[in-house]
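Biologist: I am new to this structure and would like to learn how to read it. Could you walk me through it?

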Amino acid sequence: MAVSLLANEVSDLCIGKPAVRSLPLSAAAGELAAALRRVARSGAAACVAVTGPARAVVGRVGLADVLCFLCTEPEALARPAAALAKPVSAILPKDGAGEVRRVDPRSSILEALDAILSGAQVLAVPLRAGGRKKQLGGGGAAAGDFCWLTQEDLVRYFLNSIGLFYHVAARSVSSLGLVRTDFLSVRPGESALSAVPLIRRAVATETAVAVVTEDGLLVGEISPALLAACDETAAAAIATLSVADLMAYADYFGSPPEHILRAVKAGLKDKGLDAMLDLIEDETLSSFSPLSASSSSDEETGRAQLRRPSSGSYGRRSAEEPVVCSPASSLVAVMVQALAHRVSYVWVLDEDDDCRLAGIVTFADVLRVFREQLQ
């Protein structure tokens, strides 16, 4: 089984992938934020590579990284223009989290899998100039171009050969020990600013921060993907709003209703953050149009229709709900569900209470199951 499954090279998983947009370490943070907006509007994954000497990849950053930087860097909220003029190198994590590792396109699938499981968040794979992309009509890659190889790519690869893993594919995620209880969580009424360290960890672990009530009910999430729908002025919302209101702000794709915008401006005035207030007033927030909510049923989409506190502070949910499953869900069902919704984790709800959060299943742990089967 292992011989036939792992005969492919890493380059086989990169066919058709576009070259990653990159910026040098010396580029300004504001330039990075503008590049992320362009990438997001193109429909591509909202992340940009950061390159050092000889175009060596030293990091991958998204808007969540920019927002965390603005909310934690001393004086950044008071002087946002000066903070956005700092080099991108200031945004990269200092603790080694979110490691990007370069792999040769001729590496085996097993080598790529081991790189991910040993701590790499994402793999940078050089695109072969004039290689298979040219054969498929892509015109070939330019010298120095590379693409991302992610946990999602590897999970999809194993799903395509799931018949070889029939003895574990139908087993429940609970029986496989995949339900983690050490998930990131925050209360709806807490300050969004206090959740920034958790958001940083969510970025590094390819997960999200669960928003749960005191009774343990899942009422939403704050994910890097959700924040990517905003722009850098969302730092003002993080600095002034509660977690619940930040979800509402992000759900409107950075164009919140007037009462939330008034709350942000009032909070900035109270904190004496006049420069950030001026930045918000200069932005055309209406440029972001909210997407229509999905009309699919809960059973079809696997999205949770979650109970909200009666305060009504969550506003209209224009973004999709968190992806959820039960402890009894099969491994293959959870894989399909996560891939269909383009997330690398699925929240697990208690079997006896379909809104009480019991844990999380991550792609990293799913990949460990396949690695064990290949021993």
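Predicted model: local features only at pLDDT ≥ 70, side-chain atom pairs only at ≥ 80, totals over all residues.

Biologist: How many helices and strands does the protein chain have?

Modeller: Helices (H or I, at least four residues) and strands (E, at least two) are DSSP runs, numbered from the N terminus. Here the protein chain has 17 helices and 12 strands.

Biologist: What percentage of the residues count as buried?

Modeller: Buried means under 20% relative accessible area, exposed means over 50%, and partly exposed is in between (1.4 Å probe, protein chains only). Of the 375 residues in the protein chain, 53% count as buried. As for the surface, accessible areas come from the Shrake-Rupley method with a 1.4 Å probe, and for residues only the protein chains shown count as cover. The chain exposes about 16500 Å², and carbon and sulfur atoms supply 50% of that area.

Biologist: And what share of the contacts joins residues 24 or more positions apart?

Modeller: Contact means heavy atoms within 4.5 Å. Counting contacts in the protein chain with a separation of 6 or more, 68% are between residues 24 or more positions apart.

Biologist: Which residue forms a salt bridge with Glu-152?

Modeller: A salt bridge is a side-chain nitrogen of Lys or Arg within 4 Å of a carboxyl oxygen of Asp or Glu. The structure holds 13 salt bridges. In one of them, Glu-152 pairs with Arg-156, and the closest N and O atoms are 3.0 Å apart. These two residues are separated by about one helical turn, because they are 4 residues apart in helix 7 (residues 151-159). Glu-152 counts as buried at 14% relative accessibility, whereas Arg-156 counts as partly exposed at 31%.

Biologist: Which residues are linked with Asp-365 in a network of salt bridges?

Modeller: The network links Arg-180, Asp-182, Asp-365 and Arg-368. Within it, the side chains of Asp-365 and Arg-180 meet in a salt bridge at 2.5 Å, N to O. This pair links distant parts of the chain, 185 residues apart: Asp-365 is in helix 17 (residues 363-373), and Arg-180 is in the loop between helix 8 (166-169) and strand 7 (185-186). Asp-365 also forms a salt bridge with Arg-368, with the closest N and O atoms 2.8 Å apart. Both of these residues lie in helix 17, 3 residues apart, or about one turn of the helix.

Biologist: Is Asp-365 buried or exposed?

Modeller: Asp-365 counts as buried at 10% relative accessibility. Arg-180 is partly exposed at 34%, and Arg-368 is partly exposed at 33%.

Biologist: Which residues form the negative surface patch?

Modeller: Patches are made of residues with over 30% relative accessible area and no salt bridge; like charges are joined within 9 Å, and nonpolar side chains (Val, Leu, Ile, Met, Phe, Trp, Tyr) within 5 Å. Lys and Arg count as positive and Asp and Glu as negative, while His and the chain ends are not counted. The place of a charge is taken as NZ of Lys, CZ of Arg, CG of Asp or CD of Glu. In this model, Asp-274, Asp-278, Glu-281 and Asp-282 form a negative patch. Asp-274 lies in helix 14 (residues 274-282) and is partly exposed, with a relative accessible area of 47%.

Biologist: Where is Ile-238 placed?

Modeller: Ile-238 is in helix 11 (residues 234-240) and counts as buried at 2% relative accessibility. Leaving aside neighbours within four places in sequence, Ile-238 is in contact with residues including Leu-67, Cys-71 and Val-196.

Note on methods. Residues numbered from 1 in each chain as written. Heavy atoms only, no water.
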